[in-house]
Each structure stands twice: as structure tokens, then as C-alpha cells.
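Student: I would like to go through some of the labels used for this structure. For each one, please set the value against the rule and then conclude.

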Amino acid sequence: MAPAAHAVRASAHGAAVAPVALPEHLAPPAESAKRRLIGRHIAPPTLSAAHWQRIDTPDGPAWRALVRADGAAFLRPRFEVLPNNVTSVFVYAPGEAPIAVSPRRDAPFWGPIVEGDRAFIEAQTIDGRLPALRLAGLSYGTVPFWVPQKEQSCNIETSCHPEWADEASGVALITFEEHGNTYLCTGSLVTDISHTMTPYFLTANHCLSDQAAAESLVAYWYYQTPTCGGSVPSLQNVPLSEGADFLAGGALSDYTLMLLHEAPPTERSFLGWSTDPLAGGEEITVIHHPGGAHKRITFGNMVNGFATHWTVRYYEGSTEGGSSGSPLFNAGKQIVGQLTGGSAACFFMFGSDRFGKFALSWDNGLADILGVEVTTTTTVPATTTTSTIPDPGDDDDATDDDADGMSDDDDDEDDGACCG
């Protein structure tokens with residue numbers, strides 16, 4: 001469908017809401033959690049008949065309304081259940097190409113994020129009549145999301161460490177709506193024990209913790225420089241996946257596992273994991289999106305592993321708001337946790353971060369999903385990149401593949417590791 005912005009001139013009027021000030025409570029959370037707040041929900045305007053314009057498009061007549069929220073860095077509308085006479089919905093900034101919405105007829109649904117404080121909502125109807133489309137909410141952006149974010153100076157581009165390129169390809173920047181706000185975090189694709197290439201996605205539970213938040217998820221892939229010191233791509237041009245199902249989660253080890261509604265790009269890896277403990281002082285690596293900026297890599301060591309979390313300290317790079325949920329890799333490049341938060345920062349390298357233990361998450365829900373063996377054969381398209389992390393060695397013989405004192409027919413349950 002051609003951009004409706006070419007069909008008629010954008011009106012200066014529209015369904016408007018009052019400007020939103022930026023009070024103190026819009027600062028990042030005071031606790032050590034490292035998600036980043038970038039917007040908050042406000043009451044939506046009512047789209048009355050006076051706000052709709054009839055326009056001509058190559059697909060026939062359609063209706064368009066302008067929503068204004070003065071001063072917003074971005075807007076994201078939430079719609080009520082799709083009316084029966086509406087066949088398609090688009091959202092876009094004035095002068096930009098329409099972005100198709102994946103509507104639902106059984107529940108409210110979120111549209112895309114559009115830059116600026118003006119957003120057109122366009123609806124195609126079966127009978128050409130005025131759409132009975134209503135807004136259920138509106139996210140008012142307080143951070144210029146599309147502008148490359150200024151992260152702290154010590155952060156290192158993942159492209160400067162090509163030996164981590166496979167792992168970096170499975171990590172994504174995510175945005176989502178929860179508890180009346182819009183946040184940024186980081187998450188990663190994880191493999192199941194049978195390598196089915198099902199798009200399971202791991203992040204922190206303090207980032208998003210229920211189905212409503214999972215429905216609003218947008219994951220941005222390959223938001224990274226192509227070469228060390230290369231140019232940063234536009235966030236509007238990278239591949240994305242929208243929506244997910246919440247499968248399991250828990251506050252104890254601060255984990256959430258989701259199933260993405262849309263497949264990630266084909267050139268990516270499903271990341272391996274382990275429930276084995278980290279050794280004292282073991283080298284660790286974190287791949288994340290600090291402050292919502294393009295992808296970075298951080299190196300450090302484990303300093304303790306009491307109770308539910310691993311505590312680490314960095315010697316190169318750090319983390320910040322937006323890094324929450326990022327995977328913690330052991331020396332064997334396996335995920336052993338996801339970031340909760342901490343005091344580490346470029347200006348405070350003595351600070352430490354805490355990561356919820358993957359082993360604890362495994363015992364509290366992950367094993368029921370990632371640990372279920374699938375015996376049917378899965379055909380993988382030739383263009384798809386599978387996980388580059390080796391198979392755990394479940395050849396069901398008498399060989400003790402992982403040196404845990406058990407024969408291999410017992411290893412699958414006892415070694416607590418997948419794919420590395």
C-alpha cells in the first residue's frame with residue numbers, strides 16, 4: 001500500500017493530548033536494575049468522526065486520523081479490539097512510509113513506535129465506511145529513541161572482537177510496555193536441547209514478567225557496527241521481531257523465557273548454555289545494549305556465586321541502563337545467567353554486577369521447556385544458520401562424555417549443559 005501521506009496534505013489539526021512534562025520519577029529506577037525507562041503511558045485521545053479524513057490509495061478508499069502529543073520523542077498507540085469492518089491498520093509519522101500493524105480481533109494490541117510527536121493512523125474498511133477504531137492507550141516517548149544513544153565511554157563494540165560474532169548475532173535490543181511505562185532491555189536467543197531452532201528468547205524477569213508485556217515486545221537484531229569503528233546503522237533499518245508468548249519466569253533468579261511470534265533473521269545463532277557452576281575468578285563475557293545504544297561486549301571475572309546470583313567485576317567495558325537481561329557467558333561461551341543489575345559503571349570500575357543463575361532458572365521452569373527432547377526430524381532451510389556451539393555429546397553410549405562419572409545414557413540429565 002502506498003504511503004497515504006502522498007494522497008493528501010497533512011493537517012495541522014488532529015486528535016490531541018496535552019504535553020507531558022518530564023518529572024523526576026521518569027529518571028531510571030533508583031534500584032540497581034539496569035533496564036532503561038524511555039517513555040510512559042498517557043490517556044489516549046478519542047478518535048471522533050471529526051478526526052478522520054477520507055483518502056484515496058492504490059488499494060481503494062481509506063481513512064486517516066492524526067494523533068498529536070506535543071513534545072513527545074516518539075509515539076506508540078495501543079488499539080482496542082479490531083472492529084469487524086476494518087481490514088488493515090497502518091501507523092506512521094508524517095512524510096514517512098506506512099508501517100503495517102498486526103491487529104487482533106480478540107484483545108487490545110500495540111502498534112509500532114514512530115518518531116516524533118505526530119502519528120497518522122490509517123484504516124482500510126470493507127464497506128468504505130468510517131472505522132470504529134478506538135485507542136486504548138498511548139506511549140509518550142521521553143527519550144529520542146531513534147537517535148543513537150550516548151553510552152558511557154569505556155564500552156567496546158562487539159565487532160572489535162570477531163571471535164564473539166556468532167554469540168553476538170543471537171543478542172537483541174528489546175523494547176516493551178509494562179506497568180504504564182516503556183522500557184529498554186537486552187535479551188538473547190537460546191537453543192533447546194534438541195536443537196529444534198524454536199525461537200526461545202531469554203531476558204530478565206524484572207524487565208518483563210507477564211503475557212501483556214510479552215505481547216508488546218519488539219526485538220531489534222544486528223543493531224551493531226559492521227566493522228570495528230564502523231558506522232552505526234539506523235535503528236529504523238535493522239531487522240526486528242514483534243510480539244512473543246510468555247512461557248516461564250521467576251523473580252528468584254530473575255529470568256523470563258518467551259517464544260517469539262516472528263522468526264529472527266536467518267543469519268544468527270541460537271546460544272548454548274550450561275548449569276555448571278562458574279569457577280572462582282573464571283573469565284566471563286557479557287554482550288548487551290548499554291543505554292539502548294548499539295551492541296557492546298564486556299569482559300571480567302566471577303568474584304562470587306552465593307545464593308541465586310553470580311557476582312562479577314569487569315576489567316574491560318561495563319554495563320548500564322538497557323543492559324538488563326543480557327546473557328552472561330562462561331569461559332566456554334555458554335550462557336550461565338542473565339543480568340539483574342549492580343553498581344558497575346565506566347566511572348566506577350570497582351563496582352560489580354549480579355546475574356541470575358541459569359542453573360536455578362533451569363530447576364524452576366526452564367528444564368520443562370528447553371530440556372524436553374524432540375525425537376522427530378526437523379528440516380532446516382539451507383539458508384538458516386544453526387548454533388555454532390557444539391553438541392553436548394548425547395550419543396547414548398557407555399562413554400563418559402562430560403567427565404561427570406556417569407555413562408552417556410545418564411549424561412543428558414546429569415550434566416546440566418546444552419550445546420557447548
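Student: Why is C154 called partly exposed?

Tutor: This is a predicted model, and in it C154 has a relative accessibility of 23%. Buried means under 20% and exposed means over 50%, so C154 falls in between and counts as partly exposed.

Student: What makes C346 buried or exposed?

Tutor: The relative accessibility of C346 is 17%. That is under 20%, so C346 counts as buried.

Student: How do you know that a disulfide joins C154 to C346?

Tutor: The S to S distance is 1.9 Å. The cut-off for a pair of cysteine sulfur atoms is 2.5 Å, and 1.9 Å is within it, so the pair counts as a disulfide. The torsion about the S-S bond is -75°, and the link is left-handed. C154 lies in the loop between β11 and β12 and C346 in the loop between β25 and β26, so the pair ties together parts that are 192 residues apart in sequence.

Student: How many disulfides does the rule give here?

Tutor: The count comes to three disulfides. One of them joins C160 to C228, with an S to S distance of 2.0 Å. The torsion of this link is 85°, and it is right-handed. C160 is in the loop between β12 and α1, while C228 is in the loop between β16 and β17, 68 residues apart.

Student: Why are C160 and C228 called partly exposed?

Tutor: C160 has a relative accessible area of 29%, and C228 has 49%.

Student: Why is the disulfide of C185 and C207 called left-handed?

Tutor: The torsion about its S-S bond is about -90°, so the disulfide is left-handed. C185 lies in strand β14 and C207 in the loop between β15 and α2, so this pair ties together parts that are 22 residues apart in sequence. Both cysteines are buried.

Student: How do you know that β22 and β23 pair?

Tutor: Pairing needs at least two bridges, and β22 and β23 have five, so they pair, in the antiparallel sense.

Student: What joins β23 to β26?

Tutor: Four bridges join these antiparallel strands. Since at least two are needed, they also count as a pair.

Methods:
Residues numbered from 1 in each chain as written. Predicted model: local features only at pLDDT ≥ 70, side-chain atom pairs only at ≥ 80, totals over all residues. Heavy atoms only, no water. Buried < 20%, exposed > 50% of the residue type's maximum accessible area, 1.4 Å probe, protein only.
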